[in-house]
Every structure is written in C-alpha cells, then in structure tokens.
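Got your viewer open and a way to select residues by number? Then follow along, one stop at a time.

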Amino acid sequence: MMKAKNIKTVFDLTKAENRVEDFLYIMSDKRYGLAIKNEDEVKKIAETFFELINMEPVKTLINELKKKDYYTYIHVVDTFILGTLFSNHLNLPNQLAYVKGCLMHDIGKLNIPSDFLQFNGPLKKKQFEEVKLHTLAGEDLLNTFINTMEVAFLARDHHERLDGSGYPHGVTEENLTLEAKALMIIDVYSAMTLDRPYRAALSSVEALTFLLESENQFDQKCVKKFLEMLHIFPVNSTVRLSNKQLARVVHVPSSQPYLPDVEILETEAIVKLREEVLAIESFY
Ligand SMILES: [Fe+2]
Ligand SMILES: [Fe+2]
C-alpha cells in the first residue's frame with residue numbers, strides 16, 4: 001500500500017493537507033512493529049505533533065534543524081513517535097512533557113557545524129568531541145527557551161550509558177532517570193533502523209539484538225518492555241504464546257518481523273505464527 005511515496009517527502013509534514021494521512025503512512029512502517037493499536041491512536045499522535053510543532057519556540061527550532069540536517073529532523077520526528085508509544089507503554093508521568101523532550105533531544109545539533117553532522121565516514125577524534133557537545137548545547141537551549149517544562153535533562157542524558165561509558169558526563173545507572181533510560185533505547189533504535197547518508201538502515205531485529213547484547217549500557221528491563229511493545233523478538237527469544245505454550249523464536253521474517261516462526265518447546269513442532277491463530281504474549 002502507498003509504497004510509492006518518498007519517505008523524505010512524507011516526513012516534510014509542512015503541507016496543510018493530508019497531515020493525518022502522512023502520519024498513517026509513516027506509522028505503517030514495520031519498524032514500529034505492533035506498537036500501534038488503531039487509527040485513532042495515530043490521529044492522536046499526529047494531533048499532538050502538530051500542536052507542539054506549531055508552538056514557538058519549538059516551531060522555529062525544529063524548522064532550523066530541518067534546514068540544517070534533514071536526517072536528524074527525520075530522526076527526531078521518529079523519536080517523538082517512538083517516545084509517545086513507549087511512554088504510554090511504560091505509563092510514565094507527564095507524557096506530554098516527555099514527548100516534547102523526545103522531539104527536542106537533538107536540538108543542540110543546531111550548534112554543530114553541518115559538515116560534521118553530514119560527514120560521510122568516521123569522524124576524527126576532535127570532530128567527534130565537538131559532536132558530543134550537542135547534548136550540553138541542547139540542555140542549554142531547552143533551559144533557555146522551554147523553561148516551563150523539565151525536559152532539558154533528556155537532551156543532556158540521551159547519550160549516557162549505565163556503565164558510565166557515555167557522554168557528556170559519563171554518569172552511571174543510579175544517576176539516570178527511567179525517562180532518560182527509555183530515551184537512550186529509543187534513540188539508538190531510531191538511529192540504527194533509519195537510513196543515514198553514510199550507511200543503509202539495519203533491521204529492527206538487528207537493532208534490538210544490539211540493545212539486548214549491550215546489557216551493561218542499556219537498562220534491560222526497559223529494553224524488554226520495548227521489545228514487548230513492538231512485539232518483535234530476536235531469534236532464540238523464549239516467548240509465551242496466547243494459547244499459553246512456551247516457544248522459541250527460530251526465524252524472524254523481514255517483511256513481518258512481529259510474526260516469527262517458532263518452535264513449540266513441548267512438541268518441538270515448528271509453527272509459522274499467524275496473527276489470527278497465535279500471538280506472542282510476552283517475553284521471558
Ligand atoms: Fe544525540
Ligand atoms: Fe538522537
């Protein structure tokens with residue numbers, strides 16, 4: 001359906017007409033797995049987005065980011081969508097402030113030279129040190145312009161890691177909020193699964209496997225909640241099916257990653273999941 005649309009044009013989101021239709025198209029992407037329940041949910045997400053994006057100073061800042069680095073613009077809209085779905089799934093308090101923070105988390109990139117952001121290859125150490133500063137620049141910008149809501153820490157903390165290997169401050173697990181830990185996961189998932197100028201997108205399963213394997217860096221409880229929300233489970237995950245049987249994922253089809261082939265543990269039978277017959281209930 002509608003696959004002829006150019007993703008870059010769809011993400012433009014500035015035309016007055018077809019705004020909800022654009023969101024329906026964007027959110028039909030298999031990267032969102034089964035996180036979206038129905039069309040009404042998409043409409044609500046679109047409404048929130050346009051409400052935020054039409055208010056100053058968000059409007060000016062996001063438009064500047066779009067002009068400066070279109071890939072980062074796509075990524076922040078995607079982060080906003082994933083943040084809306086995930087904050088709902090985690091039942092976080094202050095969800096409107098949270099999704100605003102998700103949309104604005106990379107706004108500090110406005111202070112980074114364009115050629116570093118669009119560089120087609122590995123950055124030199126000095127350039128990377130400069131790119132890292134987008135976290136602190138974002139914190140400053142948000143403290144200055146959006147002082148009514150506590151969102152600046154999301155810009156500051158989204159590249160931190162639980163083991164202290166992140167930046168800008170190298171803080172560890174106990175100094176990071178659940179909100180920041182959730183955004184760290186969303187941010188990496190979004191960045192890995194979207195096309196970038198310097199590399200093609202990785203699959204959802206590849207990104208999720210990376211998050212599961214980086215257990216010292218990402219909150220694993222939160223990662224599992226994220227998998228549960230998307231309903232995408234890498235090979236070898238053990239899952240409980242809706243008929244209560246335990247099964248092991250043996251193959252994840254790239255066209256419908258949320259409907260894997262599984263081996264029923266009790267009978268060793270291989271079953272291709274069909275939405276109508278069986279559904280994964282949870283992840284163990
Ligand atoms: Fe960032
Ligand atoms: Fe980001």
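Two notes on the ground rules. Residues are numbered from 1 along each chain as its sequence is written, while chains are lettered from A and ligands numbered from 1 in the order in which they are written. This is a predicted model, where local features need pLDDT of at least 70, side-chain atom pairs count only at pLDDT 80 or more, and totals for chains, interfaces and linings use all residues.

**Stop 1: confidence**

The protein has a mean pLDDT of 89, and 92% of its residues reach 70 or more. Where is confidence lowest, and where is it highest? Look at helix H1 (residues 7–10) for the lowest, at a mean of 67, and at H11 for the highest, at 97. A word on these labels: helices (H or I, at least four residues) and strands (E, at least two) are DSSP runs, numbered from the N terminus.

**Stop 2: two helices that pack**

Next, select H11 (residues 178–193) and H12 (residues 204–213). They pack at an angle of about 140°, and their axes are 9 Å apart. The axes are lines fitted to C-alpha atoms, for helices over the stretch in contact, and angles run from 0 to 180 degrees between N-to-C directions.

The crossing of H11 and H12 is right-handed. A crossing gets that name if the near helix is turned clockwise from the far one by less than a right angle, and is left-handed if anticlockwise.

Now show side chains. From H11, pick Ile-185, Val-188, Tyr-189, Met-192 and Thr-193; facing them from H12 are Ser-204, Ala-207, Phe-210 and Leu-211. Residues count as being in contact if their C-beta atoms, placed from the backbone, lie within 7 Å. Sorted by type, the contact has 7 nonpolar residues, 2 polar ones and no charged ones. For that sorting, Ala, Val, Leu, Ile, Met, Phe, Trp, Tyr, Cys and Pro count as nonpolar, Asp, Glu, Lys and Arg as charged, and the others, Gly among them, as polar.

**Stop 3**

Zoom out. Between them, 9 residues of domain 1 are in contact with 7 residues of domain 2. Which helices supply at least two residues each to the side of domain 1 that touches domain 2? Select H12 and helix H13 (220–230). H13 gives the largest share, 3 residues. That side of domain 1 holds 3 nonpolar, 3 polar and 3 charged residues.

**Stop 3: the sheet**

Switch to a cartoon view and find the open sheet of 5 strands, in the order S4-S3-S2-S1-S5, with antiparallel pairing. Two strands pair if DSSP finds at least two bridges between them. At the edges are S4 and strand S5 (280–283), each pairing on one side only. Direction ignored, neighbouring strands are turned by 40° against each other on average.

Walk across the sheet pair by pair:

- S4 (residues 270–272) is joined to S3 by 3 bridges, and Val-271 in S4 is the bridge partner of Val-262.
- S3 (residues 261–264) is joined to S2 (residues 246–251) by 4 bridges, with Arg-248 opposite Glu-263 in S3.
- S2 and S1 are joined by 3 bridges, and Val-239 stands opposite Ala-247 in S2.
- S1 (residues 238–241) pairs with S5 over 3 bridges; Val-239 has Phe-283 in S5 as a bridge partner, and Leu-241 stands opposite Ile-280 in S5.

**Stop 5**

Most residues other than glycine have a negative phi, and most peptide bonds are trans. Here are some exceptions to click on.

The hairpin of S3 and S4 has 5 residues between the strands, and Glu-268 there takes a positive phi near 60°. In the hairpin of S1 and S2, with 4 residues between them, select Lys-244 in the turn: its positive phi is about 80°. His-231 is not a glycine either, yet has a positive phi of about 65°; find His-231 in the loop between H13 and S1.

Key. Two residues are in contact if their C-beta atoms, placed from the backbone, lie within 7 Å. pLDDT is the predictor's confidence in each residue, from 0 to 100.
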